[in-house]
Amino acid sequence: MKTMEPAAPGTKNILFIIPPFFHIRDYTSGAHTSQIPVLTIPYGVLSLAAYLKANAHCEIQTRIVDLNFEAFRLCNNSADLNADLKAIIKDNMFDFQPDIVGISALFNTCYNHLGLISDSVNDIDSDALLVIGGGLATNLSKEILTNFRHIEACCYGEGEIPLRQLVNADAPHQYLRSNSSWITRESLQEGRKPQHNFVQNLDEIPFFDYGLINLNNYMGRSLDKSYSQQSLREISIHTSRGCPFRCVYCSNGTVHGKKVRFMSVGKVIDEVESMVNLYGVKVLLIEDDHFLSNKERAKQILKKLSDFNLKIEFPNGIAVYGIDEDIGKLLKAAGVTTISLAVESGSDFVLKNIIHKPLRVASIKPAVEILRKNGISVHAFIVLGLPGELEQHREETMQMILDVGFDWVKFFIALPIAGSKLYDICKDNGYLVNDDFSDLGTIKAYIRTPDLDPEYMEDRVYLMNLEANFVRNFMLRSGNFRRAALHFENIANRYPNHAFAHYYLVKANEGLGGSEELNEYHQSRFRELVATDSNWGRYARHFDLPVS
């Protein structure tokens, strides 16, 4: 055990801990629906660290412990994962001796890890000030402060200014109890309403110190399979914060607000130039909630990005309605080869009356045609399982998918995330399957209504995934066998027990005139899986695939 060494006089040590957001069970179970987590750069925490370093009244030392990476690293070879995670936290507490520990928790799924983290921190240093921020803290503050006694306060919304004020306060405990950007047990008891305190000008946030993390741990998010396995350096950027829309399943507005705030175009380009020169970025992931909210600004950024010879992607998708001929050309010139559209549903009824999204189904195909004309592969996000959604709406969505012809579709089961209108609807009407947040995940249905059975929804959504992405895959239907083979090969490599990936990789390879020996291997794997796994056998029979 390491000996604690105090920080230098006039220095404050800030330890950021990020709880796991993915389900260990989903990764280790080997089930056909298992998903390998893709870890994202902790952008919010890096922003906090940069802002503190530039604006605190004292010297600041920061350290980031991302338990997502640690849990993923340990989950297949740990006899007691919780004990190992506790040991990691305690080792960092001893080694770093923080004055303040900040837990950064975005999602409901982080909730059940708060006890492990807060107890481990308190076991080592009960004097360290323990606070929490992120979407979970903003929207479940009462539950957190009731159930986790070592956590002193929850930050409401974005944390740059509140955390800076906390660090600079002469009496930090008193500051927490009196400031409206922090929720405490006292403020809850007194019924005080918390207030956001945003950085209005995002140019004021300095360039991040990516040396605080190991960038090699955050790779593999690229959509374009032609380069996603080349280990190209990926770095994220949020060029704006906030979103004016009120989609029923989204909670981002509670953290970032509805008004969109921007980096200037010059600041964006300076950030990208630093990423290229200092860290060798090759793939830029623009993670804005609504990049096209100001189309003229977006056009300026895309024009300037074309000078960097980067691969550009939008992991959160972009708005369909914002795509026009100019945007299509600029996306291509900037380095976009694959893009996801935030479609969500193929039913106008669902889009308007349930999701409350300003999108008409008729506008989807023209946008896709513009992108495809510019050589851009088009993916789509689809959300299913919302209260009020009927089977006819799911059929409309599948028909839209097939008519439009997306290269790939990412299906999500609707999640009642705390802070979203969906969560309120489900809680008020008793639609939540249970109150255990640890079960929440995009492959597991969590909502039960008179029209939605969770077990049925899980199976229905997976069948839609198989139909859209494998059985009636647009790339295969249109003769783009090379791109199809890249997608199927990627899945077969990541999920060796995915029977349909093996079967349709053979179909793509046959279209390419590929190796008969390789095809026989994948045919053999398919036959083995459908013979030994009852789910794959059932799916194969459902789609009339050969099972012997």
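Before looking at any pairing, I noted that two strands pair if DSSP finds at least two bridges between them, and that helices (H or I, at least four residues) and strands (E, at least two) are DSSP runs numbered from the N terminus.

I also noted that this is a predicted model, in which local features need pLDDT of at least 70, side-chain atom pairs count only at pLDDT 80 or more, and totals for chains, interfaces and linings use all residues. Residues are numbered from 1 along each chain as its sequence is written, and side-chain values use heavy atoms, with hydrogens and water left out.

**Entry: the sheet.** I looked up E12 and strand E13 (residues 377–384) and found them paired in the parallel sense over five bridges, with Ala 380 in E13 as the bridge partner of Leu 341. I then saw that three strands, in the order E12-E13-E14, form an open sheet with parallel pairing. Strand E12 (338–344) and strand E14 (408–413) each have a single partner strand and stand at the edges, so one side of each is left without a neighbour in the sheet.

**Entry: the core.** I took a nonpolar core to be a set of buried (under 20% relative accessible area, 1.4 Å probe, protein chains only) Ala, Val, Leu, Ile, Met, Phe, Trp, Tyr and Cys residues joined through side-chain atoms within 4.5 Å. The largest nonpolar core has 150 residues, and Leu 341 is among the five that touch the most other members, with Phe 314, Leu 331, Ile 364 and Phe 406. Helix H2 (residues 43–55) gives the most to this core, with eight residues.

Notes. Buried means under 20% relative accessible area, exposed over 50%, partly exposed in between (1.4 Å probe, protein chains only).
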